[in-house]
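I opened the notebook to record what I looked up in this structure, entry by entry. The sequence and the model come first, and my notes follow.

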Amino acid sequence: MSGLPKCYASIMILESSQGMITDSLGRFEFKNICPGQYHIKVTHVGFTPENLYVDLQENSNQTISLDRNDELLDEILVHGETVESLTKVSNVLSQEKILFEANNNLADLAAVISGVNVVKNGPGVSKPVIHGLYGNRVTILNNGIKQAGQRWGNDHAPEIDLFVADHLAVIKGVAGLEISGGSLGGVLEIHPGPIANDPHLHGDVNYIFQSNGLGHTLNSKIQKGNDIDQWRIVGTAKLIGDAKAPGYFLTNTGRRESNFAGQWNHSMSKKWKINSYYSFFHTDIGILKGSHISNTRDLKSALTVKEPFNNDDNFSYKLESPRQSVNHHLLLLESNHSLSETSQLSLKYAGQLNRRNEFDVRRGGESNTPAVSMSLNSQYLEATLAKDVNVNLSYRAGLQYNYLINKNHNGTTGRLPLIPDYNSQIPGAFLTFQRSYLKSILEFGLRYDLVTQNVRNIERNDIGNLEVYKYNNLAHNFSVAAGVSRDWNTNFTSKLNIGFAQRAPEVNELYSDGVHQGVASYEKGDPDLTAEHSVKAILSNDYTIGRKLFLQTVFYGQYFKDYIYLKPANDTTTIRGTFWKFDYDQTDALLLGADFNFSYTLSHHYKLDFGYAHLYAQDLVNNIPLVFMPSNALTGRLTYTIDDQGVLKNNSVSLGGKYVLERDIIPQVEQEELSPPPPSYVLINISASTSILINKSIINISFKVENLLNTEYRDYLDRLRYFADASGINAVLTLNYKF
Amino acid sequence: MKIFNKSLLVAALAASVMFTSCDEEETEIPNENELITTVILELYDESNPNNEVHLHWEDIDLDGKPEIETEALAANTTYHGHIEFLNELAEKDEDDHDDEDGHNHRTLEDDHDHDHEHDHGYDVTETIEKEDEDHQVFYVVDPADLATIEYEDEDGNGMPLGLEIELTTGDAGTGTLNIVLKHEPTKSKDATLETAGGSTDIDVKFDITVE
């Protein structure tokens, strides 16, 4: 928070249901309260609601800080620390919003923010796209730790339970200087949030039912804390069956999830705190039966039929091949030590183990033998020093070391792996400065990583025998970024962020070799790729008039030299026929885009929101539009707030819509002509929600209908679009019990 | 600094616990028992035992450059045809590498103690016979009047399979024979290559001459 008093925040004592609004200076006063223990809830538009426990024996003063949130109020993320980046452009989703969308996947949830999209492989698999970039270029930070999953495949979704998130932030600029890997495309951060200092056991129980896929999601979170120890436990189970498109079931698109996370924070002394966090994520995901094809002839057949091949007329929870089964463990140990009033040392260890099995439809009764079986082990150490030199100047410096071991279990699969075994060591260092000057804040930082890769690739020699070939690669990644933020006046804030980053090609880009099931595409890496270089500038302007109007514009431009991408190439012929081939290739590219958010409170009851995201993406060498970029989209929502009705508080209903435009490409090869980007579509949704306050507990109930008109549509970035329509109408009931 | 040392110790301890499970293993070379390298169509004229025709397609080094051998067919003749699919790399790989995980590679030979051993690799045709309801071989002649093809066999559900066929040639001419093996097609008596769906395991083309 900026430290400024917050006027017109609402404050409520839960025990007595007494509430009030802070005055124009942000002050509040409750008079004539009996001594005792109270729970206080503070809410303000644009901020994460804060829950407080107060032991009140005599008159006392309380200063309450709030964290910014709300995706529409693009703002800074601060957690009471002085050296959090203030100039990066980010959007935040609150816990309420996360819960409201918790029937979806992590990436679908983030896609609520304009400028964020998803690439999908059916209803079960989706990954985030930020300003047109995804995969290796988007970093996902879970609890401050870079998620070490298999990020390279479009059918690899992030292995994170979204219920662990207190809030979720998308950083759009080149802000990731503290993160290894040159996050050219932005960062998606999952924050578990602080645990309140409160002697009572608190928690949530959530249940979600969805009509499409007859899905059940059950989640529970409990937590407790005092000055010395705080702990939290989160558990989630999900069971979702076959999704239904308008007209037919999408056979074998169900999924299951079972997740657990535990967190324990301990204060060794006033100056030394240690945190530990462990999470386990397991999922089984079915891939549409009808997407089991191999060559381009199969693809042509699939494109011409109305209903997917091998589709079942009946609904089922059953998961058959093709399917995926993924486990992910994360262990985090952290020590934060105040060396002095102005400096802090933090040490982190994170170990991650990712185990992925993918099953194909196979001959010889081997459908239950994985076709892809790999494990990724990531070991990470970090030391960071934060220092306030004076009131106006602070810096952070850090050293990091990451060791990755990727191993294919070929003995089990009986297939050549899509990417080879490798070990990678990445030591890195960063330094960032922050300086405030009158109404401006300036930031500057740089980062260096040494990337080593020891790759053991299985290749076929001249006479067709398989041999292991070794490659030892070494690369240097430099990045540098600068940002400035300025409050022109109380209504108008601008932020400018410019960054340069370098990214050495990753193992999949260098050595991928094989057919990806489901798209009939043969992907071939290129060992001769060089590092890509990129400059991104992002300008964000926030304009508000009182609490009535909010307008945010984000303009960005990103230039790539030697942009690495999958280029549709000429067909390749095998004994299985002709395959659509994609080569990893390099070109120079330019991405220009704008995100608009507009929010207008018409009256006490009505609120109107609009968002629009536009992206122009051009291959500068061939002078054609870049392939596989997100479509421009317009969203709108009208919300009507109903006055409190007895025990029913926070009542609202809303009507929303989304208009996704057709993406233009210029087909270069035959297959692109066969499967052009799908036409534009409109989706309508409605929702209603209320809260019931009983004693000290709150029950939140929300109901929504997605794709209300059961519209048939296909999305350009959904790989399933070759085979079937996307999911149809879906009614979702969410029950949340907070105690 | 005492505290600093302690926390380092905690981190080091944790790291050592996690590192123990990750000593570098050697890269295993898989035994690719699913591959098909060779397609052989043997045609013989029952009324004239001397009239045999072999069509042979192989790409053993999997470089996309197959070796194709064809022979001319006699005009207005009915042939009985039998097709075979072979993986000629499977055995070679097994010879070259002692595979410790051999028990994981379930092959038909292991399962059923078949003594049927090809001297040139692993016979995929047997797997197809066993899983006949999940497979179908399609034959497409172009131009269509060059020859007609009838299925001589059927699967457990009475649907066409295509390992045994009857090929009747028309008048003299030249054209192509396209042979496609589909896995998990939507099977029916009149399914065509275009309407069957499924995934293609084999898609090869022979130039044929009828004289």
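Entry 1, domains. Which domains does the domain assignment give for chain A? I was working with a predicted model throughout, and for chain A I noted domain 1 over residues 10–67 and domain 2 made up of the segments 90–236, 243–260, 269–360 and 380–738. Taking the centres over C-alpha atoms, I found domain 1 of chain A and domain 2 of chain A separated by 36 Å.

I looked up the secondary structure of chain A, which comes to 6 helices and 42 strands. Of the 739 residues in chain A, 46% count as buried.

I located Ile195(A) in the loop that lies between strand E14 (187–191) and strand E15 (198–210) of chain A.

I traced an open sheet of 3 strands in chain B, with the order E6-E9-E10 and antiparallel pairing. Strand E6 (135–142) and strand E10 (199–210) of chain B stand at the edges with a single partner strand each, so one side of each has no neighbour in the sheet. Ignoring direction, I noted that neighbouring strands of this sheet are turned by 15 degrees against each other on average. Strand E9 (residues 173–183) of chain B runs antiparallel to E10(B) and is joined to it by 11 bridges, and I found Leu181(B) opposite Ile202(B) in E10(B).

I recorded ipTM 0.71 and pTM 0.83 for the model. For chain B the mean pLDDT is 78, with 73% of its residues reaching 70 or more. Over residues 19–23 of chain B the pLDDT is below 50, and this stretch has 3 contacts beyond near neighbours in sequence. Over residues 92–119 of chain B the pLDDT stays under 50 as well, and there I noted 30 contacts beyond four places in sequence. Where pLDDT is low, the predicted coordinates should not be read in detail.

Conventions: Residues numbered from 1 in each chain as written. Chains lettered and ligands numbered in written order. Predicted model: local features only at pLDDT ≥ 70, side-chain atom pairs only at ≥ 80, totals over all residues. Domains from an automatic or database assignment. pLDDT = per-residue confidence, 0-100. Contact = placed C-beta atoms within 7 Å. Helix = DSSP H or I, 4+ residues; strand = E, 2+ residues; numbered from the N terminus. Pairing = 2+ DSSP bridges. Axes fitted to C-alpha atoms, helices over the stretch in contact; angles between N-to-C directions. Buried ≥ 20, exposed ≤ 12 C-beta atoms within 10 Å, placed from the backbone.
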